[in-house]
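Student: I would like to learn how to read an interface and a helix from a model. Where should I start?

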There are 2 protein chains.
Amino acid sequence: MPNYRLTLCYDGTRWKGWQKQGNTDNTIQGKLETLLSRLLDQPVEVAGSGRTDGGTHARGQVASFRAKTDWTPQEILAGLRQYLPADIGAISLEEAPPRFHARLSCVGKTYVYRIWRSEDPNVFERNYLYFYREPLDLDRMRRAADRLVGRRDFRAFCSLKKFKKSTVRTLESINIEDLGPELRLTFSGDGFLYHMVRILVGTLLAVGRGELEPEDMEAILSSGDRTKAGETVPACGLCLEEVRY
Amino acid sequence: MPNYRLTLCYDGTRWKGWQKQGNTDNTIQGKLETLLSRLLDQPVEVAGSGRTDGGTHARGQVASFRAKTDWTPQEILAGLRQYLPADIGAISLEEAPPRFHARLSCVGKTYVYRIWRSEDPNVFERNYLYFYREPLDLDRMRRAADRLVGRRDFRAFCSLKKFKKSTVRTLESINIEDLGPELRLTFSGDGFLYHMVRILVGTLLAVGRGELEPEDMEAILSSGDRTKAGETVPACGLCLEEVRY
C-alpha cells in the first residue's frame, strides 16, 4: 500500500491535543483519521511525529498514513483542504518511501514558546501567547539554558510518573530572543518527553525571576526529580515549529 | 466633568459590532459602558469614533467618555485592563480637552482590508482574513482605485436605504499591496459610510476579476445606485487601523 507524508498546521486552542481518545472527534489525530477514512473509503490510521498537548499549536506537524487509492497526492490534499475545519491546515502531502513513519523516522524537532511580557494588549495573538508580567533577567536565563543543552537524562523535566523507556534526550539548542514585548524561546532536539518543553520554560522563568540559580540546573538534572524543576507553563504559548527527518 | 480619550484594539469575531443594541452585553460599546459604569460607580456613556460592523476588528479605535472620579487615568486604564475580556484591549487612556468627542472631533480614519489569495492554509490569522481564490489583475484594480479617490458622493457605496445626511466623503487614498499570499488594501479618508469600505473592496475585486472596468467607476459613483457597485465583502477581513484628530 502506498505510504503518504502529510505536513500540517493547526491552532490547537479548541482541540484536546493530537492523540485520539476513544471514538471522539475532538483531537487532531481523530479528526484526520475520520476525514481520511471517509475521503478514501477505507479505514486509515494516521501516525503523528509525536503528540502535542491540548491547546498547543503546530506550524509544521508531520503525519504519515498508508492507503490504497486511485487518488493522486494532489487530489488527497485538495480533499483535505476542502473538508478540514478552518483551524487545521494541510500544508503539503506527498508519497513517501515505504518505510517512512512520522514518529519512528523523526530525527529532530523544533518547538517555539512565546511569552508576552508587556502590559500592552495583544488581542489578535492572545491564543498563541503566555501572558507573563514579572521582570526577568535574560542573562541568567541564557546561562541556565547553556547548562541544559546536551545529551542528558531529562527525567526531572517530564510529567510522567512511570517510565518504561529511556528519558535520555539530546537537547541541541535553546535560543532566547528578546523581541521587545515578546520573549521567544526556541528549543531544538532529537526528541522531547511529555511536557518537557513546558517544564524547561517554567524552570528558565524561575531562574529569570531569581528563584533558581543557573548553577542549579545540573543538580535538577541529576536528581531526576520533577518537583525540583519549575512549573509547567500553559500549553497555549507552545508551537511545534518543525519536524526533521 | 473630566473628559477622557481611550484607544482600543479588539478582535471583533464574537462581537455584534461596536454599537450597543438594547441592554445586551454583546457589543464593544455595551461592554465598555457596563464595565466603566461599574468601575467608576456612575452611569458612563461611551462615544466611539464610529461604528464597526459585527466581526470587524480594530487596532486603533478611539472612544471618549466623561466621568467625575478620583481615579487617575492610569488607574482607570489598569482597571479596564484587569476586567476587559481577552479579545478587547485598552491601549491607552488620557484626559482630553473638554470639547473632545471621539466621533465629532475625528478628522480622518484608516481602514485595512486583508485578503488571503493562496491555497496554503493560514490557520492562525483565519479570523482576520477574507479567503479568496479567484485570479485578480492588480493593475486593473489600481486603475479603478485611482478613479475612486477624491471628494465624491459615495451613495452607491453605502448599504443604507434612507439618507438623512450627506453621503459626500473625501477618500484620500487607496493603497493596494501585493504581499505574496496576502493582498492588503488600505483606505484613508475623512469619513466612511455604512459598509463603504466593504463595498469598495467588493467593487475593486469585481474589477480585478474582469466583471467591471476601471472606467466604470465614474458611472457607478454618479448613479448613486448601490446595485451598480460590487458585493459587500465579509466583515472579518476589515480592521479599523487608526483614527485621526
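**Reading the interface and a helix**

Tutor: The size of an interface is often given as the accessible area lost when the parts come together. In this predicted model, chain A and chain B bury about 1600 Å² between them, and carbon and sulfur atoms account for 64% of it.

Student: Which three residues supply 39% of the area that chain A buries against chain B?

Tutor: They are A:V123, A:F124 and A:R126, a share that exceeds that of any other three residues. The contact itself takes 20 residues from chain A and 20 residues from chain B.

Student: How many salt bridges are there between chain A and chain B?

Tutor: The count is 4. One pairs B:R81 with A:D120, where the closest N and O atoms are 3.5 Å apart.

Student: Which strand gives the most to the side of chain A that touches chain B?

Tutor: That is β4(A), with 4 residues. The residues on that side of chain A divide into 11 nonpolar, 2 polar and 7 charged.

Student: Now the helix. Which residues of α2 in chain B are buried?

Tutor: In helix α2 (residues 73-83) of chain B, the buried residues are B:I76, B:L77, B:G79 and B:L80. Seen down the axis of α2(B), they fall within an arc of 160°, so they line one face of the helix. The face turned away from the buried side carries the exposed residues B:Q74 and B:Q82.

Student: What covers the buried residues of α2(B)?

Tutor: The cover includes β1 (3-10), α1 (28-40), β3 (57-66) and β4 (88-96) of chain B.

Terms used. Residues are numbered from 1 along each chain as its sequence is written. Chains are lettered from A and ligands numbered from 1 in the order in which they are written. This is a predicted model: local features need pLDDT of at least 70, side-chain atom pairs count only at pLDDT 80 or more; totals for chains, interfaces and linings use all residues. Side-chain values use heavy atoms; hydrogens and water are left out. Buried means under 20% relative accessible area, exposed over 50%, partly exposed in between (1.4 Å probe, protein chains only). Helices (H or I, at least four residues) and strands (E, at least two) are DSSP runs, numbered from the N terminus. The arc is that of the directions from the helix axis to the C-beta atoms. Contact means heavy atoms within 4.5 Å. Buried area is the accessible area (1.4 Å probe) that two parts lose on being put together, summed over both. A salt bridge is a side-chain nitrogen of Lys or Arg within 4 Å of a carboxyl oxygen of Asp or Glu. Ala, Val, Leu, Ile, Met, Phe, Trp, Tyr, Cys and Pro count as nonpolar, Asp, Glu, Lys and Arg as charged, and the others, Gly among them, as polar.
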